[in-house]
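Welcome! Open your viewer, and let us walk through this structure one selection at a time.

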Amino acid sequence: MQRIGVFVCHCGTNIAGTVDTKAVAEALGREQCVVFATDYTYMCSESGQNLIKDTIKNEKLTGVVVCSCSPRMHETTFRKAAASVGLNPYMVEIANIREQCSWIHKDKVEATEKAIILGRAAIAKVLLNTPLTAGESPVVKRALVIGGGIAGIQTALDIAEAGFEVDIVEKKPTIGGKMTQIDKTFPTLDCAACILTPKMVDCAQNEKIKIYSYSEVDSVSGFVGNFTVKIKRKARFVDETKCTGCGLCTEKCPMKNVPNEFNLGMDNRRAIYIPFAQAVPKVATIDPDHCNMLKNGKCGVCSKVCTAGAIDYKQTDTFVEEKYGAIVVATGFNPIDVSKYGEYAYDQSKDVITSLEFERLTNAAGPTSGTLLRPSDGKHPHTIVFVQCVGSRCTPERGKQYCSKICCMYTAKHAMLTREKYPDTEVYVFYIDVRTPGKNFDEFYRRAVEDYGVHYIKGAVGKVSPQADGTLDVQASDLIMNEQLHIKADLVVLAAAIEPDKSARPLATKLTASMDTNDFFTEAHPKLRPVESPTAGIFLSGVCQGPKDIPETVSQASACAAKVIGLLVKDKLTCNPCVAHSNEMMCNGCSQCANVCPYGAITYVEKEFRMPDRTTKVRRVASVNPAVCQGCGACTVTCPSGAMDLFGFSNNQIMAEVDAICK
Amino acid sequence: MQMSENEKFVPTIVAFCCNWCSYAGADLSGTNRLQYPANVKIIRVPCSCRVNPMFILRAFQRGADGVILCGCHPGDCHYTSGNFYARRRMTLLFSMLDYLGIERNRTRVEWVSAAEGAKFAATMNSFAEEITKLGPNRRLEDLRCKK
């Protein structure tokens with residue numbers, strides 16, 4: 001016979017104001033198996049908890065029902081109290097009579113009646129509760145960072161600093177990401193390469209960090225604390241251990257006309273290349289789409305000039321399998337393709353460029369060695385028009401609905417730097433709003449307007465038409481003056497919206513991490529858990545979670561590292577014991593549960609069963625890995641034979657609650 | 001079904017709410033003191049996909065007049081895809097109930113996020129109003145269950 005204790009909380013007047021708590025305690029005291037029922041001002045207070053603990057001991061309770069606030073608030077408090085006096089913590093149930101009763105009803109009779117029914121449902125449930133023990137799983141004390149941009153680099157460095165091993169997987173031949181392509185950074189105007197490249201070198205030299213460049217995540221299995229990741233190392237046809245990065249091959253390669261993606265196709269590289277001078281690792285890579293030797297078997301110049309003998313045309317993709325306790329996603333972003341906006345004539349004129357192309361044109365390592373020249377004729381532009389919000393803050397049919405966040409500031413930077421270097425240039429910026437929240441950001445923008453004389457015009461650019469004389473006619477509206485403008489421009493710069501990298505969506509599927517409609521990773525809580533994914537053990541760093549500038553990315557990356565370190569210092573993780581389990585006698589091994597399981601927690605085992613006639617029979621039955629199961633219950637409903645059930649929320653428990661409510 | 005003193009029909013409504021979104025949304029509507037009828041009783045489940053169609057039939061059998069299932073918005077499920085399973089299962093169950101001659105409006109699926117306290121209250125108000133209009137569930141209630 002079970003012995004249930006019921007504790008009704010007043011919560012000051014929060015509950016007692018609309019619910020007659022004494023009447024609730026009396027009514028519930030008459031329920032089946034209830035041996036003790038009382039009410040008290042604050043159950044969560046120390047004296048309230050002591051009341052529960054003493055009663056459990058004195059009355060030898062086997063189950064506890066607390067009628068109080070939401071279980072999301074104090075379930076753990078009361079479970080801990082029960083556990084401290086030897087009652088299994090999962091023998092405690094909460095009836096939510098505050099958020100879902102006293103606070104939403106005004107009529108005292110009605111609210112009291114409802115509180116009694118909710119209490120009865122909780123009693124009905126607790127009678128069917130079983131003692132559960134949380135399992136433990138070990139933690140592999142290594143982390144994987146996917147993406148080697150500034151976010152990934154910062155997270156990796158911080159984790160390594162705490163003494164844990166970190167692997168970085170980067171799909172490009174070098175780490176560094178988008179920040180390597182940027183010339184100067186707002187609002188301080190320090191050079192991006194000067195602050196980034198030392199961090200890249202730190203990564204390469206740190207003995208705790210291993211860089212898998214030119215590699216991709218192929219598959220992920222496992223769960224928090226114990227992931228197994230298969231990494232695909234793409235063939236770069238150069239032996240990384242032998243290549244010294246001298247660059248001789250990249251000078252001698254006869255394939256000279258390969259568009260250089262680092263400079264966004266504005267100049268050319270060879271078929272064997274090192275992306276840029278400070279690349280990490282500084283190792284050459286052969287582009288198989290353009291290499292004559294790989295395509296036709298004719299050439300081999302690079303292998304002849306390489307003194308280190310690093311060239312290996314027979315290299316193939318290889319796979320490595322590694323174990324990790326935590327995975328950090330830092331897949332970053334790309335600017336959107338602006339050619340779909342025909343009105344800006346991006347495809348028609350070479351002098352309509354994106355902001356990232358503008359960065360390359362002003363960078364000393366760029367195609368023009370840092371002199372701002374028109375891509376079409378190499379002449380100095382005298383009038384430059386910047387167009388803001390290209391594809392950002394649009395209708396869903398036209399572009400992205402969100403604000404890309406960084407464009408206002410980098411356009412102010414571009415405008416300011418142009419006016420500083422070339423004071424004879426007229427600079428116009430067309431904007432919808434100028435958004436500059438951030439430390440020293442608005443001051444920076446005001447300097448562009450007030451000290452550098454950049455013409456900021458509130459309005460939209462309607463059309464860019466290339467003219468016969470090589471200029472561009474920019475037709476725009478000035479919303480403040482309420483007039484149509486025509487500007488004869490030499491260069492038009494489009495502030496393209498940013499979007500998550502295309503690799504993010506398939507990666508999210510591999511990680512079972514959720515994403516929003518824009519393909520940004522979802523955080524566990526938008527305010528309180530911003531660097532964790534709802535999937536345990538997956539952490540988010542940088543723009544993969546939402547648009548961010550560099551200072552924000554770095555702070556998020558460090559925050560992410562702190563969370564990863566917090567996980568990796570643990571030797572063991574406690575698992576949620578409310579997991580699915582299969583009744584082997586009823587299971588017929590149909591595989592339907594495994595099909596719906598989002599975590600791959602269900603496997604099948606061959607088991608021997610003794611039959612009534614003393615023979616044995618081997619049958620295939622489902623087996624749930626309790627460390628992987630998250631307890632959603634999808635399998636319990638799918639199971640056609642009713643063999644699957646969920647601890648803590650069993651079929652009988654839920655039906656008992658239904659019965660109690662409908663009585 | 002229960003009748004109050006002046007014999008005004010007060011329906012019994014069971015709401016299944018997933019732990020991560022809708023139950024939290026219900027808590028939020030409480031925190032914001034948004035009123036909805038006291039005859040709505042909430043049962044907490046880990047995910048909307050934990051709700052077996054049998055639970056809904058059981059509720060009707062035991063005398064519920066309306067059953068509503070609330071989960072995370074499609075794509076936002078804590079368990080990635082649970083609410084999609086729930087949506088499919090409920091579509092099938094509802095068409096079966098329809099076939100059996102049970103009014104379509106007695107059952108409903110709604111997506112309520114943890115931030116939508118106001119939506120939760122509004123949903124419960126409109127659902128309770130609808131069930132009150134429909135009157136008691138006589139077709140599926142098994143009177144042998146009533147002592």
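The domain bounds used on this tour come from an automatic or database domain assignment. Keep in mind, too, that you are looking at a predicted model.

Start by colouring chain A by domain. Domain 1 covers 4-126, domain 3 covers 248-305, domain 4 covers 334-499 and domain 5 covers 580-647. Domain 2 is written in three pieces, 142-234 + 317-332 + 501-568.

Next, select domain 3 and domain 4 of chain A. How far apart do their C-alpha centres lie? The answer is 32 Å. The two domains do touch: six residues of domain 3 are in contact with seven residues of domain 4. On the domain 3 side, these residues divide into four nonpolar, one polar and one charged.

Now show helix α6 (residues 150-161) and helix α15 (residues 550-568) of chain A. They pack at an angle of about 35°, with their axes 8 Å apart, and their crossing is right-handed.

Finally, bring in chain B. Here 37 residues of chain B are in contact with 37 residues of chain A. On the chain B side, look for α1 (22-31), β4 (40-45), α2 (53-61) and α3 (82-99), which each give two or more residues. Which element gives the largest share? That is α1(B), with six residues. Coloured by class, this side of chain B shows 17 nonpolar, twelve polar and eight charged residues.

Note on methods
Residues are numbered from 1 along each chain as its sequence is written. Chains are lettered from A and ligands numbered from 1 in the order in which they are written. This is a predicted model: local features need pLDDT of at least 70, side-chain atom pairs count only at pLDDT 80 or more; totals for chains, interfaces and linings use all residues. Axes are lines fitted to C-alpha atoms, for helices over the stretch in contact, and angles run from 0 to 180 degrees between N-to-C directions. Helices (H or I, at least four residues) and strands (E, at least two) are DSSP runs, numbered from the N terminus. A crossing is left-handed if the near helix is turned anticlockwise from the far one by less than a right angle, and right-handed if clockwise. Ala, Val, Leu, Ile, Met, Phe, Trp, Tyr, Cys and Pro count as nonpolar, Asp, Glu, Lys and Arg as charged, and the others, Gly among them, as polar.
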